[in-house]
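Hi everyone, thanks for coming.

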Amino acid sequence: MYATSFHDDASEWQAFITGSQASCGTLYARYAPQLYNYGCKLHADRSLIEDCIQQLFLYLLTHRSHLSAVQNVKAYLVKAFRRDLLRMAAENRKQQEFPAEGFDITISPETQLISDESTLARRRKVAEEINALPPRMKEVLFLRFYENLSFEDIAAVMNIHQKSVYKMVYKAFDKLRHRLIDFPLWLAMGWLLWK
């Protein structure tokens with residue numbers, strides 16, 4: 001740890017801006033750890049903080065002939081470092097918000113889990129309502145939607161008239177429509193077809 005006064009810093013700064021390489025090293029050794037410590041309080045990304053410190057001193061080194069004398073070197077460096085760190089952090093956020101390679105939308109695991117549970121609950125409700133139908137209606141629906149038989153084939157299998165098959169399918173859907181008032185009929189049909 002360096003114990004310095006404003007006068008020592010001002011002298012070191014004056015030597016630095018007039019071209020002293022040793023003064024550059026002295027200022028870096030004196031203030032880089034302090035800037036790093038300060039940066040850790042402003043931002044969590046340690047590599048960004050290190051990059052910012054190096055870029056600040058690189059800028060000062062390359063532009064030192066245009067710099068003027070300062071009264072408080074530490075305050076000057078902290079102010080410049082803070083400004084640069086916030087700018088670099090903002091640039092990093094923009095790069096993270098707009099990835100160059102593409103824009104993918106992902107569903108969070110929690111949302112997917114809720115969606116899966118909601119879908120499962122709906123399927124259970126549809127299955128309960130189908131199972132509450134009379135046995136012959138269930139059989140007609142099974143033959144039509146699971147076995148993919150025609151109305152004519154179902155009539156032959158169940159030894160009933162084809163018009164009776166039509167009526168049972170119609171009545172089954174009518175009951176399901178009333179019992180599953182929250183579900184669109186096409187959705188219930190989709191779940192009927194889902195094996």
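Before we start, one word you'll hear a lot: a residue is called buried when its relative accessible area is under 20%, exposed when that is over 50%, and partly exposed in between. Also, please keep in mind that what you see here is a predicted model.

Which residues in H6 are buried? They are Met137, Val140, Leu141, Leu143 and Phe145. The helix itself runs over residues 135–146, so to speak a stretch of 12 residues, and from its first C-alpha to its last it reaches 15 Å. That is close to the 16 Å you'd expect at 1.5 Å a residue. Just after H6 comes Asn148, which takes a positive phi of about 55 degrees.

Okay, let's zoom out. How many helices and how many strands are there in the chain? Nine helices and zero strands. Reading from the N terminus, the order is simply α-α-α-α-α-α-α-α-α. The chain has 195 residues, and 28% of them count as buried.

Now for the charges. Here's the general idea: side chains of opposite charge can pair when their charged atoms come close. For a salt bridge, we ask for a side-chain nitrogen of Lys or Arg within 4 Å of a carboxyl oxygen of Asp or Glu. By that rule the count for this model comes to seven salt bridges.

Let's start with Arg30 and Asp9, whose side chains meet in a salt bridge at 2.6 Å, N to O. This pair links distant parts of the chain, with Arg30 in helix H2 (residues 21–42) and Asp9 in helix H1 (residues 6–17), 21 residues apart. Are these two buried or exposed? Arg30 counts as buried, because its relative accessibility is 8%. Asp9 is buried too, with a relative accessible area of 3%.

Next, have a look at Glu129. Its side chain meets that of Lys125 in a salt bridge, 3.3 Å from N to O. Both sit in helix H5 (residues 109–131), and because they are four residues apart there, about one helical turn separates them. Lys125 is partly exposed, at 32% relative accessibility, whereas Glu129 is buried, with a relative accessible area of 12%.

Glu129 has another partner as well: Arg179, in a salt bridge of 3.7 Å, N to O. Here the pair links distant parts of the chain, since Arg179 is in helix H8 and Glu129 is in helix H5, 50 residues apart. Arg179 has a relative accessible area of 33%, so we call it partly exposed. And there's a network to point out: salt bridges that share partners join Arg83, Asp84, Arg87 and Glu91.

Let's stay with helix H8 for a moment. Which residues form a positive surface patch? Lys163, Lys167, Lys171 and Lys175 do. Take Lys171, which lies in helix H8 and counts as partly exposed because its relative accessibility is 48%.

Phe173 is also in H8, which covers residues 162–179. With a relative accessible area of 11%, Phe173 is buried. Phe173 and Ile130 are 43 residues apart in sequence, and in space their C-alphas are 9.5 Å apart.

Two loops to finish. In the loop between helix H7 (151–158) and H8 you'll find Asn159. Asn159 has a positive phi of about 55 degrees although it is not a glycine. Is Asn159 buried or exposed? Exposed, because its relative accessible area is 71%.

The other loop lies between helix H3 (46–62) and helix H4 (73–97), and His63 is found there. His63 is partly exposed, with a relative accessible area of 30%. How far apart are His63 and Ile17 in sequence and in space? They are 46 residues apart in sequence and 8.7 Å apart in space, C-alpha to C-alpha.

Terms used: Residues are numbered from 1 along each chain as its sequence is written. This is a predicted model: local features need pLDDT of at least 70, side-chain atom pairs count only at pLDDT 80 or more; totals for chains, interfaces and linings use all residues. Side-chain values use heavy atoms; hydrogens and water are left out. Buried means under 20% relative accessible area, exposed over 50%, partly exposed in between (1.4 Å probe, protein chains only). Patches are made of residues with over 30% relative accessible area and no salt bridge: like charges are joined within 9 Å, nonpolar side chains (Val, Leu, Ile, Met, Phe, Trp, Tyr) within 5 Å. Accessible areas come from the Shrake-Rupley method with a 1.4 Å probe; for residues, only the protein chains shown count as cover. Lys and Arg count as positive and Asp and Glu as negative; His and the chain ends are not counted. The place of a charge is taken as NZ of Lys, CZ of Arg, CG of Asp or CD of Glu.
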